[in-house]
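Here is a short briefing on a two-part model. Look it over first, then read the points below.

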Amino acid sequence: MKSLLVILAAEGGHEPSPLAVEWIEVVIALVVFGILFFLIWKFVAPNFEKTFSERTQAIEGGLAAAETKQAEADAKLAELEAQLADARHEAARIREEAREQGAAIVAEMREQAQAESSRIVEHGKAQIEAERQQAVTSLRGEVGSLATTLAGRIVGESLDDDARQGRVVERFLAELETGTPGAN
Amino acid sequence: MINVATEATITAEPFEAPGPGIFDLPGIAGTAVTKPMVQLVLAAILVFGFLYLASRKRAMVPGKLQFAGEGAYGFVRNSVARDIIGAHDFQKFVPYLAAIFFFILVNNLFASIPFIQFPTFSRASMAYSLAGLSWLVYNGVGMYKHGPIGYLKLQSVPSGVSPVMYPLLVPLEFFSNILVRPVTLALRLFCNMFAGHILLVLFATGGLYLIETASPINIVAGSLAWVLAVAISFLEILVQFLQAYVFTLLNAMYIQGALADEH
């Protein structure tokens, strides 16, 4: 090549055209590029492709996992909410029941107290009645004897006869009972 | 003023604009191995080293290196291969497209890296090489899928056109789809790298020449040339990336066209 140049220059010729084909350069470029292509095809591209696909998978897997987790969380939340609602319902029911029970108890107690009080009142009334009867009976005897004694004193011996005395007293008492004013 | 200028032009050697000769580098240390050849190998090592180290760990949560590697590889994989070839069968072309893209990208960037500063693909033969390979790949893919005759028919006979037009269209389609594509592919890459580099060299050496003449106007002009050279360098970095991207993109489009059932 150099010698050719020298010859051309010596002969006053032109420099070789820059477009001329130098076969050695064509071949070297082909060989070097071929080796580079082979190396990239064999060692570089598979690595990159694998990385890309693994990354895609990782991202998709992560998304899927996140979706599952989200669904699980949603389900759990719904469950908890349902439980909470149940508990609220239950609490309301128990409260209602308690109120009803309380009301029932109060009513029962009131009834009992009423019954007790009326029983006590009845009892008292009956006792009073009995005592009154007793007092009436004892009074009757006493008042009779007092009155007879008094009357005997006043009228003397005429009233000593028992039979007459008894009739007089009875009549007197009957008058008392029919409600002569001022007496009793 | 005129005196100074004439004196300068007399004393200085005339400026020799950089020509295609600057791309004919001598072999290193007297061997047949030239700088662009070494760059090819270096680029391959850098690309594979970076991608391999980045892909090796395969962590779910990537570190910085892996993140950068995944971003780079994913760019070719998703924005070029998958978007153009389609999700169905892009997968098997990703290594090829990634290799093409990073190999060309690094080789182009060499033009802007200090102490290397030479675009590998300004050597036309190297661009021919990759373009020829691309041609083999997309035609091979098409013939593998549709059979040689079916593929040629698919590429040459436009669908939805009346057969009356065939004598006109079939040679045209064949010419543009089969013959022209590798040529444009190679020339686009080569010319961009070649022109960018020669432009930079022109601005740099021209600026230097002007400054060395030591006349005030020339110093200003030379400095301006250097400022422009810096600006052009940034433009070149963009061009280097774009050319690698376009080369890869067209490869993907040709493969897609070869795979498609209707053209």
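Helices (H or I, at least four residues) and strands (E, at least two) are DSSP runs, numbered from the N terminus. By that rule, chain A has three helices and zero strands. This is a predicted model: local features need pLDDT of at least 70, side-chain atom pairs count only at pLDDT 80 or more, and totals for chains, interfaces and linings use all residues. Residues are numbered from 1 along each chain as its sequence is written, while chains are lettered from A and ligands numbered from 1 in the order in which they are written.

**Chain A**

- Read along the sequence, the pattern of chain A is α-α-α.
- A residue is buried if 20 or more other C-beta atoms lie within 10 Å of its own, exposed if 12 or fewer, and partly exposed in between; C-beta atoms are placed from the backbone.
- Chain A has 184 residues, and 8% of them count as buried.
- UniProt, in an unreviewed entry, lists residues 22-45 of chain A as "transmembrane region".
- UniProt positions are given in the numbering used here, feature names are shortened, and annotations may be inferred rather than shown by experiment.
- In the model, residues 22-45 of chain A are 96% helix and 0% strand. The end C-alpha atoms of this stretch are 32 Å apart.
- The unreviewed UniProt entry also lists residues 63-97 of chain A as "coiled-coil region".
- Residues 63-97 of chain A are 100% helix and 0% strand, with end C-alpha atoms 50 Å apart.

**Where the chains touch**

- Two residues are in contact if their C-beta atoms, placed from the backbone, lie within 7 Å.
- Chain B gives 35 residues to the contact, and chain A gives 30 residues.
- On the side of chain B that touches chain A, the elements giving two or more residues are α2 (35-56), α3 (64-85), α4 (94-109) and α5 (124-146) of chain B.
- Helix α2(B) supplies the largest share of that side, ten residues.
- Sorted by class, that side of chain B has 25 nonpolar, five polar and five charged residues. Here Ala, Val, Leu, Ile, Met, Phe, Trp, Tyr, Cys and Pro count as nonpolar, Asp, Glu, Lys and Arg as charged, and the others, Gly among them, as polar.

**The nonpolar core**

- A nonpolar core is a set of buried Ala, Val, Leu, Ile, Met, Phe, Trp, Tyr and Cys residues joined through C-beta atoms within 7 Å.
- The largest such core has 66 residues, and A:L36, B:L97 and B:F103 touch the most other members.
- At least two residues of this core come from each of these: α2 (23-155) of chain A, and α2, α3, α4, α5, α7 and α8 (216-259) of chain B.
- Leaving aside neighbours within four places in sequence, B:L97 is in contact with B:V76, B:V80, B:A81, B:T248, B:N251 and B:A252.

- The expected span of a helix is 1.5 Å times one less than its number of residues.
- Helix α7 (residues 166-212) of chain B has 47 residues. From first C-alpha to last it reaches 64 Å, close to the 69 Å expected.
- α7(B) bends by about 55° at B:V180, and a proline, B:P182, follows within four residues. The bend at a residue is the angle between axes fitted to the seven residues ending there and the seven starting there.
- The 23 residues of α5(B) should span 33 Å at 1.5 Å a residue, and its end C-alpha atoms are 32 Å apart, which agrees.
- After α5(B) comes B:G147, whose phi is positive, near 85°.

- B:F247 lies in helix α8 of chain B. B:F247 counts as buried because it has 26 C-beta neighbours inside 10 Å.
- B:F247 and B:A131 are 116 residues apart along the chain, yet their C-alpha atoms are separated by 8.7 Å.
- B:L259 is also in helix α8 of chain B. With 20 C-beta neighbours inside 10 Å, B:L259 counts as buried.
- B:L259 and B:I85 are 174 residues apart in sequence and 8.3 Å apart in space, C-alpha to C-alpha.

**Positive phi in loops**

- Most residues other than glycine have a negative phi.
- B:R58, in the loop between α2 and α3 of chain B, has a positive phi near 55°.
- B:Q117, in the loop between α4 and α5 of chain B, has a positive phi near 45°.
- B:Q117 is partly exposed, with 15 other C-beta atoms within 10 Å.
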